[in-house]
Amino acid sequence: MRKTELKKALYLLLCTAIFCLVSCSRTPQADRIFTNGHIITINEDMPEAEAFAIKKGFITAVGTNAEMREAYPLAEEVDLDGKDVMPGIIESHGHMLNLGRSKMRVDLQGVNDPREVVQKLRERVAETTPGEWIDGWGWDDGAWKEQMTAISHELSIVSPDNPVWFAGLHGYNGWANAKALEMAGIAKDTPDPEGGKIYKDPKTGAPTGILANAAQGMITRLMPPLTVAQREKAFEIAGEELLKNGLTSVHDARITRKDLDALRSLKTKKKLKVRYYIMLDCTDEELIEPYLKNGPEIDPDNWLTIRCIKVFQDGSLGTRSALMLEPYSDAPDVLGVTTTSQEEIERLTIRSLQAGIQVATHAIGDRSNRITLDAYKAAIRAVPGAKDHRLRIEHAQVVALEDIPRFKELDIVTSMQPPHATSDMPWAEDRVGPERIKGAYAWRSFLDAGVRVPLNSDFPGETLNPFYGMHAAETRQTPEGKPESGWYPEQCLTREEVLYAYTVESAYSGFEEHIKGQIAPGMLADFIVISGNILTIPSKALLSLKVERTYVGGQLVYSMNASR
Ligand SMILES: [Zn+2]
């Protein structure tokens, strides 16, 4: 009896299991299908498609409309209306806090009427707590010193309780209100500091508020560092900007402890907006030590991954602080500066490789690049287990031609910024001369040597619009189309290479090519709807290409129409 009952029970169980299997297979294996689009996948297996399916924030299938509808009859269908769609673009070198900050300051760029400055300050005062600093930026300190002096008194009246600092567009002058001058102890009898000038009224002798060069430090050193809450706001504003520009992920190229606190807090509140790959500021030992001990922090939700430290080897070409093998062509006594020594880079890299942490070193000049390569080489040799290290050099702006193959030999990921080339080209050759310029901004040479080259913008110093960067990479021209045949046009890339560099290669540079950079099964559902066919439009049309919609993890997070 008991045996029969057991058999019966087992039979029932089997039936239930089969029923479950059958019915489960009928429920959709996708939450949504996106159909009727022109999908540019950046995936060699299927470069273009009509439709794709997503489930729980990931892409599960790509193909034709019919295939998706047949496979997922119960999934919600989103009609793409024949639009062009591509993977979310990855900004593999940007500075989010600075971007957000630049949007938070009172923006005086392009203001020509003094009354407008007064009005802007009045509005800002109304929304600021008394006593809190107000900072602005962008009044034309080259042309506008008199006008600022003329409205100085009025501005001080508008903001009696808040100290104000309005930095000039060119950085040579700034303007402080009476409250700020008082806090700095700047009065009639204050002498000019070394290397600076305090402008004073010729009649009364009272300071006008205009401070030049080193005198600006008398005010700026009083301004408190940003609080975590202010940082959160800046990151949020920056995130919105990225989404508008079709960027769904960012590699933040220097994060401090307070920045990280702000980002963690935003993550908890689900307000990060874009996905972060963090490069920690290596000068803060307390910040990096836990990672050098315990290894990376890879976010299972793919929002905030901490896996890299940022090192600065030298300065910049414009200020002649980039470290060169031979003196500058336009300054025969200058070789540039070292920020971090070869020994220190080697030491940090060995520890990083042992912990599975990536190192990204800022190297602009040819000596700086050589020093970094030498340090990396020694570190790789010292840690034989570190196979897939993906050590990065950021910028590689001027490189000795004989060093380019070394990037391939050592498998160095070379992160370059096309907008730097078009911004620097009016003076870059003056700095380095006609020979060294051949290894400057030389992305084609790197690609031809087999090096992996993610392209990015280094915003906010340059525009974060990735299509401008793509235009610069393939034309070597300014947005105005100068020079006509391109600046050292032999370094131009093809459209295909450019798209790859902003998606797959940028994902690779953060160890994320298995989840980012393509529209393919297994990838995060981060994608953008754009206003034209980016595979075929002429270079110039990249400059007017619009991001119409941005999706992160399958969620619509930006729509051009909604924000109008
Ligand atoms: Zn940078």
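Angles under 35 degrees count as roughly parallel, those over 145 as roughly antiparallel, those from 65 to 115 as roughly perpendicular, and the rest as oblique. The views below are close-ups of a predicted model.

**View 1. Helices α10 and α11 pack at an angle of about 50 degrees.** Helix α10 covers residues 285–294, and helix α11 covers residues 342–355. Their axes are 7 Å apart. The two helices are therefore oblique to each other. On the α10 side, the contact is made by Y291, L292 and K293. On the α11 side, R351, S352 and A355 meet them. Sorted by class, this contact has three nonpolar residues, one polar residue and two charged residues.

**View 2. The domain assignment gives domain 1 and domain 2.** Domain 1 spans 134–220. Domain 2 spans 313–456. Between the C-alpha centres of domain 1 and domain 2 the separation is 40 Å.

**View 3. F459 and P460 are joined by a cis peptide bond.** Omega is about 5 degrees at this bond. P460 sits in the loop that links α16 and α17. Helix α16 runs over 443–448, and helix α17 over 466–475.

**View 4. A cis peptide bond leads from K482 to P483.** Here omega is near -15 degrees. P483 belongs to the loop between α17 and α18. Helix α18 takes in residues 495–502.

**View 5. N213 is not a glycine, yet its phi is positive.** The value is about 45 degrees. N213 lies in strand β14, which is made of residues 207–213. Around N213, 16 other C-beta atoms fall within 10 Å. A residue counts as buried with 20 or more such neighbours and as exposed with 12 or fewer. N213 is therefore partly exposed.

**View 6. Y441 also has a positive phi without being a glycine.** For Y441, phi is about 50 degrees. The residue is placed in the loop between α15 and α16. Helix α15 consists of residues 428–436. Y441 has 28 other C-beta atoms within 10 Å. The cut-off for a buried residue is 20 or more. Y441 is therefore buried.

Key: Residues numbered from 1 in each chain as written. Predicted model: local features only at pLDDT ≥ 70, side-chain atom pairs only at ≥ 80, totals over all residues. Axes fitted to C-alpha atoms, helices over the stretch in contact; angles between N-to-C directions. Helix = DSSP H or I, 4+ residues; strand = E, 2+ residues; numbered from the N terminus. Contact = placed C-beta atoms within 7 Å. Nonpolar A, V, L, I, M, F, W, Y, C, P; charged D, E, K, R; others polar. Domains from an automatic or database assignment.
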